[in-house]
Amino acid sequence: MIFDNLERCISESPESVLSPAELQRYARHLSMKEIGLPGQRRLKAARVLVVGAGGLGSPALMYLAAAGVGTLGVVDDDVVEVSNLQRQVIHGQSTLQMAKVDSARQRIADLNPYTQVVSHRTRLSAENCRQIISQYDLVVDGSDNFTTRYLVNDACFLLHKPYVWGSVLQFHGQASVFSTPGGPCYRCLYPEPPPPQFAPSCEEGGVFGAVCATVASVQVTEAIKLIVGNGESLVRRLWLYDASRAETQTRQLRKDPDCELCGSNPTVHEIAEVRFTCSVPADSHPPVRTISATELASRLARRRADEDDFLLLDVREPFEWEIVRIEGAQLARKTTLLQSHLHLPIEQEIIVYCKGGARSEDVARVLSQDSFRVSHLKGGVLAWVSDVEPQLRVY
Amino acid sequence: MAATSFDVKRTGITVSLPTVMQSATGGRREVELCSGTVEQALNRLIEAFPDLLPRLLTERKQIHRFVNVYLDNEDIRFLQGLDTPVLPGQQLTILSAIAGG
């Protein structure tokens with residue numbers, strides 16, 4: 001059993017005894033032989049950390065709480081925004097702009113008052129990772145970036161905590177269980193993170209809301225199986241889900257003997273932020289010129305006074321244009337623009353922008369290769385709102 | 001989208017591509033190729049879709065460490081790597097790390 005310490009908690013602590021009200025609450029679990037009273041007491045004694053109260057963390061927290069996990073840690077430094085509510089079901093209209101950890105705590109208190117919530121309103125870092133994770137028996141990762149995922153993996157391995165991992169993009173999901181004794185770690189599967197241009201975030205690439213629930217549900221199931229000590233775990237297997245085809249598959253996942261963290265000659269001994277070290281052919285991404293939001297604001301002011309001349313193109317999708325746009329821009333969707341940009345006036349300077357800067361950088365690169373004088377807005381419309389017009393909407 | 005055959009059919013292999021690479025293949029997520037080694041399959045794939053090159057391979061023509069290639073159920077790193085033979089009817093699954101949550 002992975003959680004011998006839970007057994008000790010149960011036998012030594014009267015706190016894991018279930019009251020009649022709790023027995024009533026968990027009746028459907030208690031009548032399953034795979035969980036039963038011993039399993040339910042183990043759940044009550046368990047301390048689970050959920051990293052991120054976002055797309056994966058929201059349903060994960062709710063199912064872990066509903067299942068009767070005694071202590072749930074939530075780590076997140078963000079606040080609830082409208083664009084979260086398409087999938088982050090633990091939050092709601094009434095908790096907009098509230099810290100996600102507080103919003104989650106409020107919902108969990110309503111869902112299961114027997115679950116204690118520990119809020120960590122911070123971003124996991126190399127500095128705080130060990131101190132936070134060491135307080136828990138198991139970690140469920142619902143973070144949204146590679147830096148955090150490698151941090152959590154490394155900390156879980158070094159602290160001997162099982163790491164229940166899941167990630168999503170569009171209609172696709174992946175999940176597995178790492179850092180169990182003798183099992184592989186996340187670095188065994190992906191030794192290095194991809195460079196940002198090859199790994200669109202959900203913010204950029206989109207995510208189908210219900211896929212988060214499916215993947216989070218698999219994560220919670222795996223966490224509970226580990227806690228109660230039942231079932232066949234996803235350890236050494238990679239679970240793959242393609243919602244658009246309603247297909248699930250698993251692939252064998254081996255421990256990499258050359259793994260830098262858990263292999264036979266490890267080089268990673270401490271928790272540190274992972275660096276993007278992989279090499280991408282140099283000529284595939286020549287640098288492109290950027291303009292800051294404040295610089296663009298002053299150039300737009302000069303353009304209004306006929307003292308400057310440039311074309312400002314918004315390369316996002318029409319729905320994004322409807323949410324927020326920069327006055328004086330023209331909508332020219334990336335895909336359309338890349339097919340028809342040769343019709344643009346070659347003598348005119350062009351500035352392009354998107355939401356966060358990734359799409360506009362692509363466009364600027366293609367246009368500059370075709371001899372246009374082009375730059376793109378660094379940080380996109382989000383930087384514009386933050387630095388120039390904070391009253392506008394963000395998404 | 002259905003598997004697209006532009007190479008040898010029936011005796012071929014199927015290569016499935018991850019979401020993040022489909023922008024380089026015009027939206028195709030499965031491609032049929034003729035059998036050979038993993039390296040030959042990847043080269044044919046890149047020949048058909050040149051934008052896949054930087055996403056799949058390093059400058060030294062090794063598979064990126066954030067990409068995994070499975071031959072049926074097994075990671076080719078634990079077979080013979082790029083030299084692993086791919087027989088007719090077998091499936092290559094290319095996976096790329098995603099971090100969305």
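Contact here means heavy atoms within 4.5 Å. The model shown is predicted.

**Figure 1. Packing of helix α5 on helix α11 in chain A.** Helix α5 (residues 57–67) and helix α11 (residues 209–228) have axes that come within 8 Å and cross at roughly 40°. That angle makes α5(A) oblique to α11(A). The crossing of α5(A) past α11(A) is right-handed. From α5(A), the residues A:P59, A:A60, A:Y63, A:L64 and A:A67 meet A:C212, A:A213, A:A216, A:V220, A:A223 and A:I224 of α11(A). By class, this contact of α5(A) with α11(A) comprises 11 nonpolar residues, with no polar and no charged ones.

**Figure 2. Packing of helix α4 on helix α11 in chain A.** The axes of α4(A) (residues 36–45) and α11(A) lie 8 Å apart, and the helices pack at an angle of about 110°. The two helices, α4(A) and α11(A), are therefore roughly perpendicular to each other. Here A:G39, A:R42 and A:L43 of α4(A) meet A:I224, A:I227 and A:V228 of α11(A). The contact of α4(A) with α11(A) has four nonpolar residues, one polar and one charged.

**Figure 3. The interface of chain A and chain B.** On the chain A side, 47 residues are in contact with 28 residues of chain B. About 3,200 Å² is buried between the two chains, and carbon and sulfur atoms give 54% of that area.

**Figure 4. A salt bridge between A:R245 and B:E30.** The closest N and O atoms of this pair are 3.2 Å apart. Across the interface of chain A and chain B, six salt bridges are found.

Terms used: Residues numbered from 1 in each chain as written. Chains lettered and ligands numbered in written order. Predicted model: local features only at pLDDT ≥ 70, side-chain atom pairs only at ≥ 80, totals over all residues. Heavy atoms only, no water. Axes fitted to C-alpha atoms, helices over the stretch in contact; angles between N-to-C directions. Helix = DSSP H or I, 4+ residues; strand = E, 2+ residues; numbered from the N terminus. Parallel < 35°, antiparallel > 145°, perpendicular 65-115°, else oblique. Left-handed = near helix turned anticlockwise from the far one by under 90°. Nonpolar A, V, L, I, M, F, W, Y, C, P; charged D, E, K, R; others polar. Buried area = accessible area lost by both parts, 1.4 Å probe. Salt bridge = Lys/Arg side-chain N within 4 Å of Asp/Glu carboxyl O.
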